[in-house]
Amino acid sequence: MNLFDICENVLKYDDFIIIPHINPDGDSVGSALSLCSLLRKLNKTAYIVNISENMPKNVDFLSLDGFVAPSDFEYKTAFCVDCADKMRLFDNEVFNKCETSFSIDHHVTNNEFALFSFVDSNASATGEVIHSMYKIFDILPDKNDAMYMFCSISSDTGNFKFSNTTSKTFKIAGELYDIYGEFSDITRAMYDEVTLNQLKANEYVLSNLKLVMDGKIAYSYVHYDYLEKNGLSFDEVEFLSSLPRQIKGVEVGMFIKIRKDEIKVSLRSNKYIDVSKIAASFGGGGHVRAAGVSFFDTSFEDVCNKLIKAIENEIKKRYE
């Protein structure tokens with residue numbers, strides 16, 4: 001199904017509940033807000049599931065006031081954003097109660113679980129897809145819409161420095177700039193403002209850094225106990241996910257967050273390894289250069305051994 005078909009079918013339904021993925025990031029939040037605004041401009045009733053307690057710190061300046069679904073809202077149509085798998089939805093129960101479902105996404109691992117699905121794996125972010133929907137409906141985004149979509153796109157491109165950034169990405173950013181104005185206030189809030197404890201966490205993660213396979217793989221980790229002791233959440237150290245990959249000569253970096261019941265791994269690659277494929281082999285998913293996977297009821301050592309072996313195999317294929 002193409003995006004024109006999605007838009008055509010949207011007009012047939014009402015009472016939308018928008019559902020991002022679990023552990024929302026800047027793309028899922030920005031996409032949810034801009035989509036909700038678009039649906040309302042189409043005279044639809046639309047709200048977002050309550051993600052208030054799970055807002056990522058780098059975009060917590062985005063207000064959810066008026067967007068969170070009231071407890072008595074009788075939703076009928078689910079609209080999933082930036083989520084590749086039904087099991088990774090922020091609220092699966094809400095999805096299951098809906099009569100109809102839509103999904104727009106850009107993850108290459110998306111399994112098209114909704115009744116109406118559109119996946120553009122060439123888009124840098126789901127925000128790009130929503131920008132195209134505004135064009136199809138011939139609706140001009142307002143200043144807030146531009147802010148939401150910019151946050152979405154900037155988040156998933158690492159402020160336009162990741163390899164998924166294309167000429168289309170810059171063109172859209174330029175159009176959003178023309179509506180919003182200078183984005184320096186937003187980029188500072190998203191990337192340049194950290195607490196002292198976050199800076200100390202950077203030092204902690206660096207002290208745990210390890211290199212293997214002649215420096216082609218780098219990984220580091222942080223324990224929940226350390227974060228709790230220093231008043232930090234896992235979300236507040238997410239900015240360190242790309243740190244292992246930044247080392248010269250490293251192809252794949254792993255950032256591992258450890259707590260008693262879960263070991264969560266962020267995978268990042270530089271040039272030629274598809275980390276979404278590696279993550280998917282362990283039940284995770286994501287993008288070619290950025291993916292993630294969680295492990296339960298296992299040890300840190302076992303997780304490292306499994307992932308390093310899988311990454312080594314992919315790197316060796318490169319030289320065969």
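In which helix is the place of S155? I found S155 in helix α5, where helices are DSSP runs of H or I with at least four residues and strands are runs of E with at least two, both numbered from the N terminus. I note that this is a predicted model, in which local features need pLDDT of at least 70 and side-chain atom pairs count only at pLDDT 80 or more, while totals for chains, interfaces and linings use all residues. Residues are numbered from 1 along each chain as its sequence is written, and side-chain values use heavy atoms, with hydrogens and water left out.

**Entry 1: S155**

I looked up the accessibility of S155 and found it buried, at 19% relative accessibility. For this term I used relative accessible area: buried is under 20%, exposed is over 50%, and partly exposed lies in between, with a 1.4 Å probe and protein chains only. Contact here means heavy atoms within 4.5 Å.

**Entry 2**

Two packed helices are described by the angle between their axes and the distance between the axes. I took axes as lines fitted to C-alpha atoms, for helices over the stretch in contact, with angles from 0 to 180 degrees between N-to-C directions.

I examined α4 against α5 (residues 143-156): their axes come within 7 Å and cross at roughly 145°. On the α4 side I recorded T126, G127, E128, I130, H131 and Y134, and on the α5 side D145, M149, S152 and I153. I sorted the residues of this contact into four nonpolar, four polar and two charged. In this sorting, Ala, Val, Leu, Ile, Met, Phe, Trp, Tyr, Cys and Pro count as nonpolar, Asp, Glu, Lys and Arg as charged, and the others, Gly among them, as polar.

I next examined helix α1 (residues 3-10) against α4 (residues 126-136): the axes come within 10 Å and cross at roughly 65°. The crossing of α1 past α4 is right-handed, a term for the near helix being turned clockwise from the far one by less than a right angle, anticlockwise being left-handed. L3, F4 and C7 of α1 meet V129, S132, M133 and I136 of α4. For the contact of α1 with α4 I noted six nonpolar residues, one polar and no charged.

**Entry 3: the parallel sheet**

I traced an open sheet of five strands in the order β2-β1-β3-β4-β5, with parallel pairing. Two strands pair if DSSP finds at least two bridges between them. β2 (46-48) and β5 (116-119) are at the edges with a single partner strand each, so one side of each has no neighbour in the sheet. On average, neighbouring strands of this sheet are turned by 15° against each other, direction ignored.

Within the sheet I checked β3 (residues 77-81) and β4 (residues 100-105), which run parallel and are joined by five bridges. T77 stands opposite T100 in β4. I also found α4 packed on the sheet, where α4 touches β3, β4 and β5 and its direction makes about 115° with that of β4.

**Entry 4: strand β9 and its partners**

How many of the eight residues of strand β9 are buried? I counted seven in β9 (residues 262-269), so this strand is largely enclosed by the rest of the structure. β8 (residues 252-259) pairs with β9 in the antiparallel sense over eight bridges, and I read the two as a hairpin with two residues between them. I256 is placed opposite V265 in β9. β9 is also joined to β11 (residues 290-295) by six bridges, running antiparallel. There, I found V293 of β11 as the bridge partner of V265.

**Entry 5: cysteines**

I searched for disulfides, taken as pairs of cysteine sulfur atoms within 2.5 Å, and the count was zero. For C36, the closest cysteine sulfur is in C98 at 14 Å, too far for a bond. I found C36 buried, at 0% relative accessibility. C304 is likewise buried, with a relative accessible area of 4%.

**Entry 6: two loop residues**

I located V194 in the loop between α7 (184-192) and α8 (196-207). V194 is partly exposed, at 36% relative accessible area. V194 and N58 are 136 residues apart in sequence, and I read 9.1 Å between their C-alpha atoms.

I located E53 in the loop between β2 and β3, and E53 is exposed at 77% relative accessibility. Between the C-alpha atoms of E53 and K76, which are 23 residues apart along the chain, the separation is 24 Å.
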